[in-house]
Amino acid sequence: MNIEQEILLAYHTADDQPIGGGSSKGWVTNFYKFLTTLLQQVSGEEPKIKMVSENDSHADLYASSGVLVAILSKEFLNNPTLTNGVNLFASTAKETNTLSLAGLSRLFKVIKFPIDVDEFLPEYSDILSYDFFHIDPLTGEPQEFKRFFGNEAERSYWMKMVDMSYDIYQIQTKFAELGTKKKEEKDVGKEKTIYLANSGVDMIIQRDTVKRELIRHGYRVLPDQSLPKDVHALEPLIKQDLERCCLSIHLIGEDYGYKPSGSELSVVDIQNQIASKHTHDVHDYNVKHGGGEKFSRLIWLSPDLKNVSERQKIFIEDLKSDAASLDEAEVLQMPLQELKSIIREELVTGGRFKAKEIAVDDQLPEDGNLIYLICDQLDQESVKPVMDCLKEKGFSVVTSMFEGDLMDLRYLHQENLRRCDASLIYFGKSSPEWIRTKMQDLLKAPGFGRTKPMKATAIFTEDNNKVNNLVNNSGTLVLGDGTFEPKKIEPFLAKLRD
């Protein structure tokens, strides 16, 4: 490969008009400045970036550049000089089978404002684009980034810039490894490949954060190309990607997401449904054939859900119901930082599979009176009389813990569910989402290595109205409805003594 120019930045001059009028810099000039600065910070060296517009032919540069960053706009795509340059770059790269390196395309499609790029450059529709615009949460309309500092919305701009800088650096590193000889890229194994599903517009920043961390820890993230806009082409691609992964992550917020042509469901919904079926298929195969293939799902619900449409509420409830039916699926509603810890546990320590691999012999108490008293941190003080009462009656009690590493606390919670003879959930000041999660955990206890059914499960609540519609016919007793009194938990203890 004869690479003379490291990075070529192609743009149309109409996209570099002064943003604020007068002598202020244009959008492209700011982009060039920020990209240069970030690349220098990432690589430790000053990058060699050359800018070319429709006024520059420079065919030789397109053919001999390592990376092409094309700022695509209506004006760019209608200009033959610029589109021919993109085609020349891509065709030259394809001749040496190097259009993709390190799992990344050397052609970086920067979308300054929404436009159907595939109509003009259909051959590169599978190359992932970098969208440098944001959707106004109030109007739903796309807007260009015109201010680059101090505005909350501009966080997305900088995250995209950082992502792009790291991706370009990865390609440059790959070039350094290759030298003048093409080496075979090592296939990334399933255990290092993660499916990060698309999200609604309100979760784009959170999704980018998760994606960036996964990549920097050496994981491959799929999908790594733009998704088809037609549902019939979309579904096979999702299935294919999921089969290459060990984990799928789904981030759910207030926005249902966009619908591909030919479907009444959003891409977010479609990915969830196909991932759910894949999880069931893997589970069923393991049961029937004694296989040990590992695939799990983490579904994260934003803890800040407020303006949720009826359609989205139904979608979220369906997600919860479906996840409750499988040990390998889990719904989490917690701060994003805690989610990242859970993901790390799932990948590094084996997550819920770790509990399944622990031998259960000699670990269950023989007297059959171990009660797991579950509570939220908000109810730590309120639950103490319940614990004292149980101990006075001769029962062994373990309870929820809140201090320590999040991964350790989650593992202890699973271990308690595995070992206990009965569970009593104290529901006081916490939210309905919290109690739903704990109810799902009870259903998943066999997935944590439990080998015998619980003798009794119950909820002590300070307000029956908050619980009755959540429990339904689960077999879980609902007790209390007010301040704790020992007699109120007698039905639970009677069931445990039987």
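**Sheets and helix packing in the predicted model**

Five strands form an open sheet in the order β16-β15-β17-β18-β19, with parallel pairing; strands are DSSP E runs of at least two residues and helices are H or I runs of at least four, both numbered from the N terminus, and two strands count as paired if DSSP finds at least two bridges between them. At the edges stand β16 (396-399) and β19 (477-480), each with a single partner strand, so one side of each has no neighbour in the sheet. From one strand to the next the twist averages 25 degrees, where axes are lines fitted to C-alpha atoms (for helices over the stretch in contact) and angles run from 0 to 180 degrees between N-to-C directions. The model is a predicted one, in which local features need pLDDT of at least 70 and side-chain atom pairs count only at pLDDT 80 or more, while totals for chains, interfaces and linings use all residues. Residues are numbered from 1 along each chain as its sequence is written, and side-chain values use heavy atoms, with hydrogens and water left out.

Within this sheet, four bridges link β15 (residues 370-374) to β16 in the parallel sense, and L373 has T399 of β16 as its bridge partner. Helix α13 (residues 384-392) packs on the sheet and touches β15, β16 and β17 (422-427), its direction making about 155 degrees with that of β16. Contact here means heavy atoms within 4.5 Å.

Zooming out for a moment, the protein has 17 helices and 19 strands. Of its 498 residues, 50% count as buried, that is, under 20% relative accessible area, with exposed meaning over 50% and partly exposed in between (1.4 Å probe, protein chains only). Among the contacts with a separation of 6 or more, 72% come from residues 24 or more positions apart.

Five of its five residues are buried, so β6 is largely enclosed by the rest of the structure. In a regular strand the side chains alternate between the two faces of the sheet. Here L107, K109 and I111 point one way, F108 and V110 the other way, and all are buried. Strand β3 (residues 65-72) runs parallel to β6 and is joined to it by five bridges, with L72 partnered by I111. Three bridges also pair β6 with β7 (residues 129-131), again in the parallel sense, and here K109 is partnered by S129.

Turning to the helices, α8 (residues 231-242) and α9 (residues 267-289) pack at an angle of about 45 degrees, with their axes 10 Å apart. The two are therefore oblique to each other; angles under 35 degrees count as roughly parallel, over 145 as roughly antiparallel, 65 to 115 as roughly perpendicular and the rest as oblique. On the α8 side V231, L234, E235, I238, K239 and L242 meet V267, I270, Q271, I274, A275 and H278 of α9. This contact comprises eight nonpolar, two polar and two charged residues, taking Ala, Val, Leu, Ile, Met, Phe, Trp, Tyr, Cys and Pro as nonpolar, Asp, Glu, Lys and Arg as charged, and the others, Gly among them, as polar.

Helix α9 also meets α10 (residues 310-324), their axes coming within 12 Å and crossing at roughly 10 degrees, which makes α9 roughly parallel to α10. The contact involves V268, D269, N272, S276 and H280 of α9 together with R311, F315, L319 and D322 of α10. By class, these residues are three nonpolar, three polar and three charged.
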